[in-house]
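Please read these notes with the model open beside you. They are written for someone new to reading protein structures.

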Amino acid sequence: MSFSVADVATGLVLEGHQADQGLPPASVTKAVTAMYALDTLGAGHRFTTRVMTAGAVSNGVLKGDLVLAGGGDPTLDTNGLAQLAAQLKKAGIREVSGKFLVWGRALPSIHAIDPSQPDHAGYSPAISGLSLNYNRVHFEWKRGAQGWVVSMDARSDKYRPDVTMAKMRVVKRSMPVYTYENRGGVDHWTVASGALGNGGSRWLPVRQPEIYAGQVFRTLARAHGIVLKKPKLSHSPPTGQVLAEIHSAALKDILRGMLKYSTNITAEMIGLAATQARGTSANTLKASGQEMSRWAAGALNMTNASLVDHSGLGDQSRLRADEMVIALAQSARRSELQPLLKNIKLRDSQGNVKKNPPMKVVAKTGTLNFVSGLAGYLEAHDGTELAFAIFVADTGKRAAIPAQDKERPKGARAWNGKAKKLQQRLIERWDGLYGA
């Protein structure tokens, strides 16, 4: 374990333990990604998704191809595609004579954030410049008169369009719970009947993100009387007239959600977009993570930062507590990052949330099996503001996890629980010792 704590007003480092030791930061990486994106793209940056054509429109008929073009928006959802379909109708489009193309090359095409994770891990989906619903498809099952009834859809709070690019088959077995195979551009899943119970649902990762978004848009367009052919991948940047477009929320608001819910795909897409905006070509998460490490060395004086992605899912990343604390204490960085961080709830010895604790903590958590991190700001009971970083890891235990147990390895939950208790004890110590 390592930690460091500093007085924000003076920058004075107050205390540390093995603070110069690089450890896996897990999702604490997202705090660095947020600073990287704010510095490169700007707090007001917005991502745009467009429907375009190079063809001519005459009497409601488009004489040419229609292109759904992703702009790297990590928050695009089914409701957003529905808005685009409504705009397309409002533009007077009734018929499309050409192909329906989907383009996601605004960002590199990546099969999975961390290929070592289980195939069914929804937190490790594919990445594309055209990504829908965090590149997850909703799988639901229930018992029917003739066996299991299953569905795969792209639901939102308003819509529930079915999809065919992901298919599920129930197989009579107990283990493994899921299997995955790509056949003919379709995500084929099987699920063990012994794991289903009476019914339920979960989000599964999508490996064909552009086709996924295209199928959903095609369904929504059909509801407006616009018939499109089956979506096909486009490898060339779209040109021509913009028929419909929507914009994401401002970057600072996207980052606030990313830091609160720790969405991996959001971190990776924003990190990749920032790297591209810096004029660096990076076709892999590792290459982009290395560019962010170089930025951190220059902008944050984190000269030993070594990051393999932007989310922290890859356990080969390393950060040092002493360098993280100095970065957090910088006034310019603090004013940008601090308002976006999540309030951390403190708990009593029974695990219950403490009511009206004397100190306030806003920070980014990070959790992998046998890895736990916490970094942010502590407002002590007297108003003293401290910046801190705590990294705890047992890399040996993590490396020894059998492949079949990676989702829930034995002993990991208890280990991570102890790490979180240790983090709180340190925070309470600092409040009592330096909050005066």
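1. Basis. This is a predicted model, in which local features need pLDDT of at least 70 and side-chain atom pairs count only at pLDDT 80 or more, while totals for chains, interfaces and linings use all residues. Residues are numbered from 1 along each chain as its sequence is written, and side-chain values use heavy atoms, with hydrogens and water left out.

2. Helices 2 and 3. Helix 2 (residues 78-90) packs on helix 3 (residues 209-222) at an angle of about 50°, and their axes are 9 Å apart. Helices (H or I, at least four residues) and strands (E, at least two) are DSSP runs, numbered from the N terminus. Axes are lines fitted to C-alpha atoms, for helices over the stretch in contact, and angles run from 0 to 180 degrees between N-to-C directions. Helix 2 and helix 3 are therefore oblique to each other (under 35 degrees is roughly parallel, over 145 roughly antiparallel, 65 to 115 roughly perpendicular and the rest oblique).

3. The contact of helices 2 and 3. Thr78, Leu81, Ala82, Leu84, Ala85 and Leu88 of helix 2 meet Ala213, Val216, Phe217, Leu220 and Ala221 of helix 3 (contact means heavy atoms within 4.5 Å). By class, 10 of these residues are nonpolar, one is polar and none is charged. Here Ala, Val, Leu, Ile, Met, Phe, Trp, Tyr, Cys and Pro count as nonpolar, Asp, Glu, Lys and Arg as charged, and the others, Gly among them, as polar.

4. Helices 4 and 5. The axes of helix 4 (residues 251-261) and helix 5 cross at roughly 145° and come within 9 Å. This crossing is left-handed. Leu251, Ile254, Leu255 and Met258 in helix 4 touch Thr266, Ala267 and Ile270 in helix 5. The contact has six nonpolar residues, one polar and no charged.

5. Helices 5 and 6. Helix 5 (residues 264-277) also packs with helix 6 (residues 285-299), at about 65° and with axes 9 Å apart. Helix 5 and helix 6 are therefore roughly perpendicular to each other. From helix 5, Glu268, Gly271, Leu272 and Thr275 meet Leu285, Ser288 and Glu291 of helix 6. This contact holds two nonpolar, three polar and two charged residues.

6. Backbone. Most residues other than glycine have a negative phi, and most peptide bonds are trans. Glutamine 18 has a positive phi, near 50°, and sits in the loop between strand 2 (13-17) and helix 1 (29-40). A cis peptide bond, with omega about -10°, joins methionine 175 and proline 176. Proline 176 is in the loop between strand 11 (166-171) and strand 12 (178-183).

7. A pocket. Which element gives the largest share of the lining of the second largest pocket? Helix 10 does, with eight residues. The lining divides into four nonpolar, seven polar and eight charged residues.

Note on methods. Left-handed = near helix turned anticlockwise from the far one by under 90°.
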